[in-house]
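This report describes a pocket and the packing of helices, in that order.

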Amino acid sequence: MFSERLQTAINDQINAEYYSAYLYLSMAAYLEYKDLPGMAHWMRMQYEEEVFHALRFFDFMNDRSARVILKAIDAPPTDFGSVEEVFAEVLAHEQKVTALIHNLYNLAVEENDYPTQTLLQWFIDEQVEEEKTANDVLARIRMVKDYPPGLLMIDQELATRPAPTPPVAAAGQP
Ligand code: FEO
């Protein structure tokens, strides 16, 4: 039995994942404008990853014959003050998403919904990785502060981030 309460919460999470995507795309636009194409690329990959997260929940709902209800996506901020503030916001945002995923897991436990718990296990692990990555980039940006050669070096490094794996392949399904 896939409870209505849990279905509603997953629909809310789909919206949260699309908001994350939109936020990172807005950050990519800001970084492009600041002439940091490597960082903009990194953020665009982050955007794509969030779309895949949303689609994972979308496919899960459909696989269980639940009704996906898409809601309006809030407008993201457009100005971030500095490169350091951009990445500090990425980390803070991922910490918020981790809390959302944990709350969703608690609800799945309350509702005795084992398939949702299994799905969320992947997201719980993913959030550990997401926070670590954001933290690593932020730490390096804080190390170089506003020293342009340092920032350019990080920019070149972030330009090499590979495209994320689509959800079906990531789930190990044919
Ligand atoms: Fe969908 Fe970055 O967590």
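By class, the lining of the second largest pocket comprises four nonpolar, one polar and three charged residues, where Ala, Val, Leu, Ile, Met, Phe, Trp, Tyr, Cys and Pro count as nonpolar, Asp, Glu, Lys and Arg as charged, and the others, Gly among them, as polar. The model is predicted, so that local features need pLDDT of at least 70 and side-chain atom pairs count only at pLDDT 80 or more, while totals for chains, interfaces and linings use all residues. Residues are numbered from 1 along each chain as its sequence is written, and side-chain values use heavy atoms, with hydrogens and water left out.

The residues that line this pocket are L36, S82, V83, E84, I141, K145, D146 and L151.

Two helix pairs are set out below, with axes fitted to C-alpha atoms over the stretch in contact and angles running from 0 to 180 degrees between N-to-C directions; helices are DSSP runs (H or I, at least four residues) numbered from the N terminus.

| Helix pair | Angle | Axis separation |
|---|---|---|
| α2 (residues 37-63) and α3 (residues 83-110) | about 15° | 13 Å |
| α1 (residues 4-33) and α3 | about 170° | 11 Å |

Helix α1 is therefore roughly antiparallel to α3, a term for angles over 145 degrees. By class, the contact of α1 with α3 has 20 nonpolar, three polar and five charged residues.

The angle in the α2 and α3 pair is about 15°, which makes α2 roughly parallel to α3 (under 35 degrees). Their contact (heavy atoms within 4.5 Å) is made by M39, W42, M43, Q46, E50 and F57 of α2 and V83, V86, F87, V90, E94, I101 and L104 of α3, and these residues divide into 10 nonpolar, one polar and two charged.

Key
1 Å grid on protein atoms, 1.4 Å probe; cavity = no way out; pocket = protein on both sides within 12 Å on 5 of 7 lines; lining within 4 Å. Helix = DSSP H or I, 4+ residues; strand = E, 2+ residues; numbered from the N terminus. Parallel < 35°, antiparallel > 145°, perpendicular 65-115°, else oblique.
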